[in-house]
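Student: I have a chain open in the viewer and want to know what stands behind the labels. Please take me through some of them.

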Amino acid sequence: MYVIRWKFTQLPIDAVPDITNVQVSINTESPGYTPLEVEQRVSFPVETAMAGIPKLAYTRSVSRYGLSQVTVVFAEGTDIYFARQLVSERLSSAKANLPPSLEPTLGPIATGLGEIFMFTVDAEPDAVNGDGSPVTPMDLRSVHDWIIRPQLMRVPGVAEINPIGGFKKEVLVAPDPAKLLAYSVSYSDVLSAVQDNNSNRGVGFIEHNGAQWLMRVPGQANSLDDLRNIVIAQPQGTPIRVKDVATVSLGKELRSGAATQNGREVVMSTVFMLIGENSRTVANDVAVKLEQVKSSLPEGITVTAVYNRTSLVDKTLETVQKNLLEGALLVIVVLFLFLGNVRAAILTAAVIPIAMFMTITGMVQTKTSANLMSLGALDFGLIIDGAVIIVENCMRRLSEAHRKEGLSLNERLAVVFDATQEVIRPALFGVFIITAVYIPIFALSGVEGKMFHPMAITVIIALVSAMILSITFIPAGVALLFKKPVKEKKNLVVEGARWLYRPILSFSLKFRWVVVAIALAFVVYSGFLIPKLGSEFVPNLDEGDIAMHALRIPGTSLNEAIHLQKTLEAEIKKLPEVERIFAKIGTAEVATDAVPPSVADNFIILKPRDEWPDPEKPKMQFVAELEALVTPIPGNRYEFLQPIQMRFNELISGVRAEVAVKVFGDDFDQLIALGAKVGKVIEGIPGAADVAVEQSTGLPVMTIQPKRESMARYGLSIIQLQDLLATALGGTVANQLYEGDRRSDIVIRLPEHLRTDIDGLSALPVILSDGRYLPLSEVADLELVMGYNQVYRENGKRRVVIATNVRGRDLGSFVQAIQQAVKENVDVPAGYWVEYGGTYQKLQSATQRLSIVVPLTLALVVGLLIMALGSVKDAAIIFSGVPLALTGGIMALLLRDIPFSISAAVGFIALSGIAVLNGLVMISFIRDLRFHGQSIQEAIIEGALTRLRPVLMTALVAALGFVPMALNTGIGSEVQRPLATVVIGGIISSTLLTLVVLPALYRLVHGVGIRSRINEGAM
């Protein structure tokens, strides 16, 4: 066990497989550009430059005020660093078509699920700085940027530390328009003066007395006073300094995002994991480092971890560990009951830890991560099926060959060799067949492939490992352990089973036509039940926490959004189940989420279940109560998801909801109108929740429209007016102020009270080149218009998305209802079309691929059976177990009200192998008895009764191994439940088939009273 633990530490571990496609994000800050201008001047040229890039899958982009984000998605298997190199090369050519001042940058080298850790920086009540001043949001941001971030960036596996909230420290030079006029100084004069008088420069070196002296001219401002005393001009010998026309002080950046926690504004930071790293290890290392960082923080400032992926990973691993441990114990109990021999049971059970060690080693070598999907399909009962068959037969043969004085080692080896050889062929072929039925999973590609390939790899490694042990370790162990005579003691469990089975078998053989007809009717009936199952891609993993997307009116200011957020958080904190709530509003420093200030991601962290007033309360009920609580708060609209689920959906379709209905076309106004119609249709469909039509319009834009004729009379150019207003209102970075390692931008901008005075803006003085001035209203008109809020593009076409989540029904039928309703109620004009994205799209593609590959695999299974038996008829008899096994799985899903999903499909795939294995064990023995001269009736009865124990054992250990997965309610159990339910239900029906229907079918196919020897394919 210690060796297994050591090997387990080398495994990459996460809660779920990382389904991120190979993508590179290109972020371009475009200050002052409207969404439509960003699309036309930035997003479109960048997208066009990416066209034809090698291994390109598709592109999508979002254009918002002042920001363009283009996502380039590459074909699976593309090296991420190669992809980034290709994008960088194309960007070099694209820059020629972009406005000169814009500089595209690549996003962090992280996956879509790379947000593994979040922490907040806050101040204690009444906290003060060393100089006695109160701690401000600017101080918090400075502590984060210059104390915390540099230390965390050194943690191995960290790709980016992305802060949001607070204010970056900047030095604000705020000119007074009246003083500028009084001294005949323009904004450009102030800007030039600061730029020209704030730098150090080296001027070479000289050699003096054998030494080399470096020569330099320092001119850098070291304090605010140095900046204040910079000379702008010197008319008639009188110097005009910066302090004469402007106020120099610490200012606040024009930020695009903020963060709150429990109703207080804080600085929040997200740690991104480098692609390919172990999320559990990196998150743990960050948490440890963060504790060490606390000792270096100024007094009164606190840092708190608010989200740690390790917590979810540990909970899911705990669920998997509990399932595997309980399954292993149930398997061992079955072995003791049926074998009736402690040593035999221990020997068989010993296969479990050894096979597990071999499996983990294989996972490490193949770089397969340990998660819910990869470890969740492991069933120790299934793994030891081959060992059970061999041990049971060896024990039976040793019992038959026992003598009082016991057998010598050579004699035991001979008996064990013969006994193993007797069943090794059906056992090996059975395991080969179970392994073969997992092959269709490798046919899945894209998101579904990344999700289920680890599962198939893990199961196949485990089965092959167990098979090797079954034919080497098990026979050797039996021969060495059982030195004393083996006496087959009367086993009450086995004898009782045989007593019950004998009359059933006789009835089955006597009324074989009726039995086969009933089985056939059962299969047909189950086929009619399939449409009632419903469908979904995979069940949603209960992460324990909630991600609530809060959307406000487009154009909502950041300050207003913070005010609304504080009100919202105060209400949510009233719920006794909530431990904390924190939120990201708008866009962080690195625009991984390109959202405006009107959008907030709320993370609601719940208390442990045992601290809830009602620990049995379903999570869906809590979400309903939360929705009822927050809906009356004015100014907000919500979507309820979970942190990882939100990212999953975003990776799959580019939106965060479960279903994305995309309307494509050229004219944006037409798209918006079509989107509104589709949204109204979806709202009327049962099961629709959080229906949201993309907020494409409603952004208030103050347009300062130049009067070209007036400007021509005054000799004022457009660029002069734009530069003036860009500096006065938006601010221009003149230089930087250095304080040790720290640096702050020096920004030239109007004081905040003048910059936001809309009424006084028309009187803003515009200084002409000859020293005269005139008010802005003389050369421009001010007009407030409602513009586009955002523009999305995908594969070169504009699109509008209608997003919705599903509650109370399965995903498949819900999307089908949407498709039908849209087709009947929405008239889509020529040149426009509708696509359905989200997890449903992946369900469709996975189902289509499996519908082709699974029949081919089943044909392969038939081929393996023919190879094993040398008889087409017997292969067909055994293969008939597959449809009856599937019927049990269908019935089990219906009884538990679980929709069909890819997880359930994997269960059906596994069932096919199990059903074939049991049938192969029994039919092989019956054929062997007939080969030795028994009549068909005698052979069937003796073969069925003799093989009752191994059939029941293999069925029970396989089924009981999945029972904990089917019944567990821990974090992550939702993903495993469909698979376990299908296997358990299918094993019940396939065991009935093997024991009741198979003998009857064999009797029917091979006729009455036939005595023959089966020469070819004899076993």
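Predicted model: local features only at pLDDT ≥ 70, side-chain atom pairs only at ≥ 80, totals over all residues.

Student: How do you know that the span of helix H12 agrees with its 15 residues?
Tutor: Helices are DSSP runs of H or I with at least four residues, strands are runs of E with at least two, and both are numbered from the N terminus. The expected span is 1.5 Å times one less than the number of residues. For residues 351-365 that gives 21 Å, and the end C-alpha atoms are 21 Å apart, so the two agree.

Student: Which residues of H12 are called buried?
Tutor: Buried means under 20% relative accessible area, with a 1.4 Å probe and protein chains only. Among the H12 residues in that class are Val351, Ile352, Met356 and Ile360.

Student: What makes S12 and S23 edge strands?
Tutor: Two strands pair if DSSP finds at least two bridges between them. The open sheet has the order S12-S7-S24-S23, with mixed pairing. S12 (246-252) and S23 (732-739) each have a single partner strand, so one side of each lacks a neighbour in the sheet.

Student: Why do S23 and S24 count as paired?
Tutor: Seven bridges join S23 to S24 (residues 742-748), and the criterion is at least two, so they pair. The two strands run antiparallel. Glutamine 736 stands opposite aspartate 745 in S24.

Notes: Residues numbered from 1 in each chain as written. Heavy atoms only, no water. Buried < 20%, exposed > 50% of the residue type's maximum accessible area, 1.4 Å probe, protein only.
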